[in-house]
Amino acid sequence: MPHSSDPVVSVVIPCHDYGRYLPEAVSSVVAQTFRDWELVIVDDGSADNTGEVAEDLIARHPDRRIRLIRQANAGVSAARNTGIEAAAGRYILPLDADDVIAATMLEKTVAVLDGNPGVAIASTDVFTFTDDDLPPQAMSFPAYSRELLLQRLIMFYCSLYRREAWQTVGGYNESMRAGEDWDFWVGCAEHGFDAHHIPELLFGARNKDTGLHVEAAENDLAIRARIVSNHPSLFKPITRKWAQAVLGLDAEACLRDEHVPDDILTRAAEMDQFLTAVMALQRTARVQYYHIKRLEKALAAHGGAADTPARERGSAPTASAV
């Protein structure tokens with residue numbers, strides 16, 4: 001069905017070899033209570049069936065504005081930039097192909113930007129989920145603060161923002177393999193764009209044992225050095241010197257704790273503590289989940305669980321929010 005006007009929101013999904021996840025991500029967009037959107041899928045040189053899956057999804061939703069762009073593999077930053085460049089919406093929502101958004105994500109974030117001309121970015125809390133049908137884990141974030149953003153990542157990549165922010169910053173840094181979202185948010189702060197946090201679980205991040213988030217965690221200090229180097233005016237001279245050394249010939253030595261400026265070391269320690277807590281909670285939940293499943297199977301095999309309500313046997317416990 002043709003559409004006579006530009007959409008309010010452009011959702012951009014880069015996809016590289018994640019065709020198996022793409023239908024779930026697209027379904028979460030199609031289910032939005034806010035309807036004035038378009039969806040741009042960027043097949044970033046996939047070797048799997050991403051292109052065919054995307055074409056099937058487009059055919060399945062002829063009444064929705066969904067299109068596919070194909071390009072040679074260039075990485076997530078370049079794929080996002082390609083999709084945003086082709087997008088028509090005044091608001092942009094990046095969404096990775098293996099993640100999802102809650103049905104009211106666009107409705108509530110659009111309301112923030114529509115109602116607050118001085119706010120350029122609307123972020124939300126996050127729930128993480130796995131492929132094992134474990135209970136999702138809640139991740140709450142603090143209210144937006146420019147100073148806090150320079151210390152640690154306080155909003156996920158999947159936040160709604162005005163197109164002007166992307167244009168002013170110059171898009172996502174395509175030389176960064178990981179941490180590109182944090183670098184982009186710091187760039188927005190550097191140019192005076194403000195953000196607002198919605199304390200609701202409106203974005204779902206799939207937790208896997210592999211992926212760029214794992215790479216980012218393993219290379220946290222090096223990524224921080226890149227961000228400092230990309231935005232030197234926001235950081236103290238000692239921090240800039242440390243970043244230059246990390247990215248230069250003395251990188252290995254400067255990554256040792258005794259050579260890291262106190263503020264950077266504190267930030268890294270906070271991130272390590274946070275990631276350790278999250279992974280521990282998820283491992284515990286997974287072990288408990290499978291243990292309960294084995295017990296239920298054993299009880300059923302002995303005829304003792306057939307008529308017992310699930311609520312009496314207990315269900316997999318949910319780890320407390322972090």
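**Close-up views of a predicted model**

**View 1. Helix H7 and what sits around it.** Glu180, Asp181, Trp182, Asp183, Phe184, Trp185, Val186, Gly187, Cys188 and Ala189 are the buried residues of H7; buried here means under 20% relative accessible area, exposed over 50%, and partly exposed in between, with a 1.4 Å probe and protein chains only. That leaves H7 (residues 180-190) mostly covered, with ten of its eleven residues buried. The cover over these buried residues includes helix H3 (76-86), strand E6 (119-129), helix H5 (146-151), strand E8 (160-162), helix H6 (163-169) and H9, where contact means heavy atoms within 4.5 Å. Just after H7 comes Gly192, with a positive phi of about 85 degrees.

A word on the model behind these views: it is predicted, so local features need pLDDT of at least 70 and side-chain atom pairs count only at pLDDT 80 or more, while totals for chains, interfaces and linings use all residues. Residues are numbered from 1 along each chain as its sequence is written, and side-chain values use heavy atoms, with hydrogens and water left out.

**View 2. The whole chain, for orientation.** The chain has 13 helices and nine strands; these are DSSP runs numbered from the N terminus, with helices being H or I of at least four residues and strands being E of at least two. Of its 322 residues, 49% count as buried. Take the contacts between residues at least 6 apart in sequence: 77% of them join residues at least 24 apart.

View 3. Thr50, Gly51, Val53, Ala54 and Leu57 are the residues to look for in H2, and they are buried. Seen down the axis of H2, these buried residues fall within an arc of 165 degrees, so they line one face of the helix; the arc is that of the directions from the helix axis to the C-beta atoms. On the other side of H2, Ala59 and Arg60 are exposed. The buried residues pack against E1, H1, strand E2 (37-44) and strand E3 (65-71). Asp56 also belongs to H2 (residues 50-60), and at 40% relative accessibility Asp56 counts as partly exposed. Asp56 and Pro23 are 33 residues apart in sequence, yet their C-alpha atoms are 9.5 Å apart in space.

**View 4. H1 against H2.** H1 and H2 pack at an angle of about 30 degrees, with their axes 10 Å apart; the axes are lines fitted to C-alpha atoms, for helices over the stretch in contact, and angles run from 0 to 180 degrees between N-to-C directions. That makes H1 roughly parallel to H2, since angles under 35 degrees count as roughly parallel, over 145 as roughly antiparallel, 65 to 115 as roughly perpendicular and the rest as oblique. The crossing of H1 and H2 is right-handed; a crossing is right-handed if the near helix is turned clockwise from the far one by less than a right angle, and left-handed if anticlockwise. Leu22, Pro23 and Val26 in H1 meet Thr50, Val53, Ala54 and Leu57 in H2. The residues of this contact divide into six nonpolar, one polar and no charged, counting Ala, Val, Leu, Ile, Met, Phe, Trp, Tyr, Cys and Pro as nonpolar, Asp, Glu, Lys and Arg as charged, and the others, Gly among them, as polar.

View 5. H10 (residues 237-246) has Thr239, Trp242, Ala243 and Val246 as its buried residues. Down the axis of H10 they fall within an arc of 100 degrees, so they line one face of the helix. Lys241 and Gln244, on the other side of H10, are exposed. Helix H9 (residues 220-230) packs with H10 at an angle of about 120 degrees, their axes 8 Å apart. That makes H9 oblique to H10, and the crossing of the pair is left-handed. From H9, Leu221, Ala222, Ala225, Val228 and Ser229 meet Thr239, Arg240, Trp242, Ala243 and Val246 in H10. The residues of this contact split into seven nonpolar, two polar and one charged.

View 6. Asp17 is found in the loop between strand E1 (9-15) and helix H1 (22-30). Its phi is near 60 degrees, a positive value in a residue other than glycine. Most residues other than glycine have a negative phi. At 26% relative accessibility, Asp17 counts as partly exposed. Arg64 lies in the loop between H2 and E3 and is buried, with a relative accessible area of 14%. The C-alpha atoms of Arg64 and Asp36 are separated by 9.5 Å, with the two residues 28 apart along the chain.
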